[in-house]
Amino acid sequence: MLSFLTRRLIVAFLVAATVMTLAFILTRLSGDLATSIAGPNATQADIDAIRKAYGLDRPVLTQFFDWVGRALTGDLGESYFFKARVSALIAERMPVTLTLGLTGLVIALVVSLPLGILAAVRENTALDRCVQLVALLGQAMPSFWLGLILMITLGLQLGWLPISGTGSWQHFVMPGIVLAFSAIPALTRLTRAGMIQAMGSDYIRTARAKGLSRASILLKHALRNAAIPVVAIAAVQLGFMLGGSIVIEQVFALHGVGYLAWESIGKNDFPVVQAVVLVLAVIYVALTMLADLMNAVLDPRLRGP
Amino acid sequence: MSALLEVEQLEVGFGSRTSAVRGTSLTVERGETHCLVGESGCGKSVTALAVMNLLARGGHRRAKRLSFQGEDLLKLDDNGMARLRGNAMAMIFQEPMTSLNPAYTVGSQMTEVLRRHKGSSQRVATDRAADLLARVGITAPGLRLGQFPHQLSGGLRQRVMIAMALMCDPQLLIADEPTTALDVTVQAQILRLLAELQRDLGLGMLLITHDLGIVARVATRVSVMYAGEVVESAATAQLFADPKHPYTQGLLRCVPVPGKQRQDEPLGSIPGTVPRVGPGFEGCAFRERCSFADATCAHQIPRKTASPGHDYLCRLPAPVKALT
Amino acid sequence: MSVAVVNAGPKRGWKSVSTWIGAVIVGLAVFCALAAPWIVPYDPFAQDLGKRLVVPFWMTGGSSEHLLGTDQLGRDYLSRLIWGCRISILIGVTVTIVSGLIGITIGVLGGFLGGRVDDAVLFAITTRLSIPVVLVALAVVGLLGSSMTLLVLTLGLLLWDRFAVVARSTTMQVRNLDFVAAAWCAGCSRFRILSREVLPNIASHLVVVATLEVALAILLEAALSFLGLGVPPPLPSWGLMIAEAKDYMFFSPWVIVIPGVALFVLVLGINLLGDGLRDLFGARTDT
Ligand SMILES: Nc1ncnc2c1ncn2[C@@H]1O[C@H](COP(=O)(O)OP(=O)(O)OP(=O)(O)O)[C@@H](O)[C@H]1O
Ligand SMILES: [Mg+2]
């Protein structure tokens, strides 16, 4: 277990380093950054001044190692547009994105677990087919469009929920639902498959032979084992949701990290863009490791003898 | 007083095609060990599972009579059955490696039976579990209670299963080939344990096995199954002394009996395999492998009584002298 | 993180029905895409500011002149929808070709050669999964300016992971089969074994992945275009149509409902077809 964790940590570190390199390359793709920062009306003198001010006149490798060195100490540089520390900007926006991601995950789990269990218990019935259909529909739903439709229906016509902004918890319901849609199909399918497998296993026959109640058989004995892969995927899905929240934050005008990145892309504010890419990647890697740990908690066999 | 378990004309099918059990009848009296023997695939496990109403998805049972302590099991709903299972009637399975839930400790899986059926507190249940673990020969029961199934060997897991089955003092214990998956030394220990427990606790036991050596040692009665039917049933001594059905005779010939066997005499075996019989099957299922079979064997065979408590399913009028 | 798909069982009636529905939807879409220049009733780019936001025929005030109405610049909505289908299909297919080439090459190499190469492949897949796709695609297009070619290349470079995962695991299975071992023994070259034995045997799995990837690419393109960093205007991408119509959606919801439903139905159709193919082939599409 311990050597396994160490290996995971090394891989995680390597992944982060690779993403860092890629993020750096990504922002240099457009060629001369100084020109794009300065804008179309800048004179050559302006461009030179910018190049000097941001250290863009140094060799690329020097810039790269400078960035890496600073990032390792938590210093992600300075935003051109916001004139603020990038780390401060991200820290300020992160709560919104995290709230959104967690809301989405909770909604997704609240929907998928019962649906998956129901479909498994009623395998091959009309109900099962309905659940699978729901999963298919969810998979085909364009999230930004669903967001707009909810705004029109729940927001404007029914007036149940606020349309945009971050004032109260209600503001997170609609975006949460939309975000959840991207995770519901996978989680439902996995729950269903896991429950079907568990319900056919020998230990469930034992549980029935012990005369346990149906609830205990389903929820204690079967679900516990079916949940192991679901938990792992749920953590990974949360990572994808945080990465994908950029679209939804834009639709609902939620000023989270995704929105920040979107603004920065428009402004050629490359320190922010590369920092957000890096931070989201690191969060994803951390989540996959968390998933491994939770698996070890749920599955005693992984803890070793 | 009615018998502990009475099964009459039990039929089990899976889907519409296979009939795994075709009219099995057997009776288990209080405090006796009834052995059910037969080769692999003849429907022993399915019979036991049908009695417990634990058939896998798609399995359906039908019977003329299925009663436990005089109570009609066929009339019980799921809840009623659940109240009996693990309580008055318990079962041990063929697969000790996979029969325990990998996610919970031995202690948690054992105590939940008592808590469910007797409403005991966790403390009382834990004490009882520890006692029983000691009773089935597990040292350091306190330690084992906190362990997970994957930390135990197959033999230990089967002992845990046995202890778990005994939690609520059942009257009937169904043991489905409890030793098949274990290595030989452990097999003997587990069987000795079961026989001992049966005697000490006065259990009625339905022991499924295909090892006639075991039968000779522990059984009060024996029923021999073939292709979903009980082809012969008798008290143990009688069956060994005077087997009537050619299949039983063949089975007995496959077992080396010390003293009776000459050094150079080859051990017998029955040629061929068990046929798959469908719902419309008529006549004796053993006829293809039987050296006494003729055309009449393809018709309905009447059940005959050789002596009180000894009946068999064969058209042959006279006992065949097969064991010399 | 591999999840065996359990329902690779016998085909059930409703399954084949849903597969047919998927096939019909995909067939229709492909036809629209190919025949778009000839079947559009109007020039999808022609503006008519005198006829802005004409409603579709089923609403009061609608007419058969513009079946699906017109947009905020007076362009015929049906024509733009058909043209948008062409763009969606084009992008879906080309992105899948690019990502398929990358993913299959990487996956087959890893699965076939094993050892260090496989470690590297696994590492590449892990790294790829940690990169937020939408964000990076937006950044690339934002920094380099939007064009179709750039969009296709970017998405292709980002979406190869599932191809690689499936190609890798299925190649490993095939490599261990008897007939491949026999080919080794017969002294066939690696290339020959790869092209003659391995690829034909993993093809069915890859076809299933490909359908799913087309659907995913179409959805992503729409999202990027919606954010203004996908297909450049005035090309009528469905995502772009929704973005442009967004300002009017509270008063005339149909302007976003129509392209959205089209997008939803097309992606659903592709997924239905893909699911059907998976059952047909008994394929695994581990993610
Ligand atoms: N779940 C099931 N679905 C379909 N057929 C089944 C099922 N379980 C058992 N059968 C069939 O019922 C027949 C009897 O099986 P059973 O498990 O009772 O044999 P057995 O006598 O216990 O054999 P063994 O000694 O190997 O345990 C077999 O032919 C088997 O194919
Ligand atoms: Mg059996």
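Reader: Leaving aside neighbours within four places in sequence, with which residues is B:Gln198 in contact?

Author: The model is a predicted one. B:Gln198 is found in helix H7 of chain B, which covers residues 184-201. Once its neighbours within four places in sequence are set aside, the residues in contact with B:Gln198 are B:Gly31, B:Glu32, B:Thr33, B:Leu203 and B:Met205.

Reader: Is B:Gln198 buried or exposed?

Author: The relative accessible area of B:Gln198 is 11%. A residue counts as buried under 20%. B:Gln198 is therefore buried.

Reader: Which residues are closest to ligand 1?

Author: Ligand 1 is surrounded by 15 residues. The closest residues are B:Ser40, B:Gly41, B:Ser45, B:Gln94 and B:Glu177.

Reader: Which element contributes the largest share of the shell around ligand 1?

Author: The largest share amounts to three residues of the shell. These residues come from an element of chain B that spans residues 44-52, namely helix H1.

Reader: How many residues apart are the protein donors of the magnesium ion?

Author: The protein donors of the magnesium ion, ligand 2, are B:Ser45 through OG and B:Gln94 through OE1, at 1.8 to 2.4 Å from the ion. The pair links distant parts of the chain: B:Ser45 belongs to helix H1 of chain B, whereas B:Gln94 lies in the loop between strand S7 (89-92) and helix H3 (106-118), and their separation is 49 residues.

Reader: Why does B:Gln94 count as partly exposed?

Author: The partly exposed class lies between the buried limit, under 20%, and the exposed limit, over 50%. B:Gln94 is partly exposed because its relative accessible area is 22%.

Reader: Which chains share the most contacts?

Author: No contact joins chain B and chain C, and their closest C-alpha atoms lie 15 Å apart. Two pairs of chains are in contact, and the most contacts are shared by chains A and C.

Reader: What distance separates the C-alpha atoms of C:Gly100 and C:Ala210?

Author: C:Gly100 is found in helix H2 of chain C, residues 77-113, and counts as buried at 5% relative accessibility. Beyond its neighbours within four places in sequence, C:Gly100 is in contact with C:Thr105 and C:Phe163. C:Gly100 and C:Ala210 are 110 residues apart along the chain, and the distance between their C-alpha atoms is 7.3 Å.

Reader: What percentage of the residues in chain A is buried?

Author: Chain A has twelve helices and zero strands, and its C-alpha atoms fill a box of roughly 85 × 55 × 30 Å along the principal axes. Among its contacts between residues at least 6 apart in sequence, 71% join residues at least 24 apart. Of the 305 residues in chain A, the buried ones make up 53%.

Technical notes
Residues numbered from 1 in each chain as written. Chains lettered and ligands numbered in written order. Predicted model: local features only at pLDDT ≥ 70, side-chain atom pairs only at ≥ 80, totals over all residues. Heavy atoms only, no water. Near = heavy atom within 4 Å. Helix = DSSP H or I, 4+ residues; strand = E, 2+ residues; numbered from the N terminus. Donors = N, O, S within 2.8 Å, 3.2 Å for Na, K, Ca; no water. Buried < 20%, exposed > 50% of the residue type's maximum accessible area, 1.4 Å probe, protein only. Contact = heavy atoms within 4.5 Å.
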